[in-house]
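Hi there,

Here is the structure I promised to pass along. Have a look at it first, and my notes follow below.

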Amino acid sequence: TGFTIRIVTTVLSQLATVGYTSTTNICPGDSLFLAGAYQLTAGTYTDSLTTTNGCDSVILTTLAIWPAYQDTVFVELCEGGSITAGGAIQTTSGIYFDSLQTTSGCDSIIVTDLTVHPVYRDTVYAEICTGESITAGGGIQTTSGSYVDVYPTVANCDSTVVTILTVNPVYAETVQAEICPGDSLFLAGAYQTTAGNYVDTLTTVSGC
């Protein structure tokens with residue numbers, strides 16, 4: 001009598017926690033801000049944020065590192081040759097680096113180890129007498145001149161030998177001599193007293 005009964009009905013709704021999962025790749029040496037810090041290594045990282053309704057929003061990020069590539073190339077050249085390496089034309093021994101990009105946009109390093117072998121050139125002066133010969137310029141030579149021979153070194157580079165050949169003359173002279181009976185003349189290594197032909201072989205200043 002006189003009481004009012006009020007019934008209050010409360011509808012409780014539970015707001016869902018929002019979750020996201022993602023996968024991200026980075027290049028070696030790069031970093032990504034995850035779980036409150038810059039991350040350099042592959043792994044799974046969790047970030048907890050707050051939604052507009054005050055609930056947790058969990059982001060689960062799987063971080064992967066793209067592979068890094070580095071290759072070393074060994075190159076040998078002869079002096080006077082060249083190769084493009086390290087972004088320029090190289091002619092001297094050394095280590096040269098080229099940075100390219102992979103399909104994922106990361107660095108691909110090519111290291112060129114270049115060795116330049118020397119080329120040798122030597123000049124030889126030779127003298128022979130008329131009638132003699134010497135091997136030079138790929139053949140048997142009997143006349144004065146310059147002759148070139150090219151040989152391979154152990155590194156298969158040119159070793160050039162220039163032979164400058166001088167052919168010295170050989171002289172032949174006939175001397176008419178007369179003596180009186182009882183006299184003598186020193187010929188052919190002895191004193192001669194009888195008529196005849198005698199040969200003396202002497203040496204010139206050039207050894208002929």
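A word on confidence to begin with: pLDDT is the predictor's own confidence in each residue, on a scale from 0 to 100. You will need it here, since this is a predicted model. The chain has an average pLDDT of 89, and 93% of the residues score at least 70. Confidence in the chain is lowest in strand S1 (residues 18-26), with a mean of 82, and highest in strand S13 (residues 139-141), at 97.

Now to the sheet I looked at. It is an open sheet of 3 strands in the order S6-S10-S9, and its pairing is mixed. Strand S6 (69-78) and S9 are at the edges with a single partner strand each, so one side of each has no neighbour in the sheet. On average, neighbouring strands of this sheet are turned by 20 degrees against each other, direction ignored.

Within that sheet, S9 (residues 94-101) and S10 (residues 107-117) pair antiparallel over 8 bridges. Isoleucine 95 has aspartate 113 in S10 as its bridge partner, and glutamine 101 stands opposite aspartate 107 in S10. The hairpin of S9 and S10 has 5 residues between the strands, and glycine 105 takes a positive phi near 85 degrees there.

Isoleucine 83 counts as partly exposed because its relative accessibility is 22%, and buried would mean under 20%. Leaving out residues up to four places away in sequence, isoleucine 83 touches Val75, Leu77, Ala88, Ile89, Gln90 and Leu114.

Enjoy exploring!

Conventions
Residues are numbered from 1 along each chain as its sequence is written. This is a predicted model: local features need pLDDT of at least 70, side-chain atom pairs count only at pLDDT 80 or more; totals for chains, interfaces and linings use all residues. Side-chain values use heavy atoms; hydrogens and water are left out. Two strands pair if DSSP finds at least two bridges between them. Helices (H or I, at least four residues) and strands (E, at least two) are DSSP runs, numbered from the N terminus. Buried means under 20% relative accessible area, exposed over 50%, partly exposed in between (1.4 Å probe, protein chains only). Contact means heavy atoms within 4.5 Å. Axes are lines fitted to C-alpha atoms, for helices over the stretch in contact, and angles run from 0 to 180 degrees between N-to-C directions.
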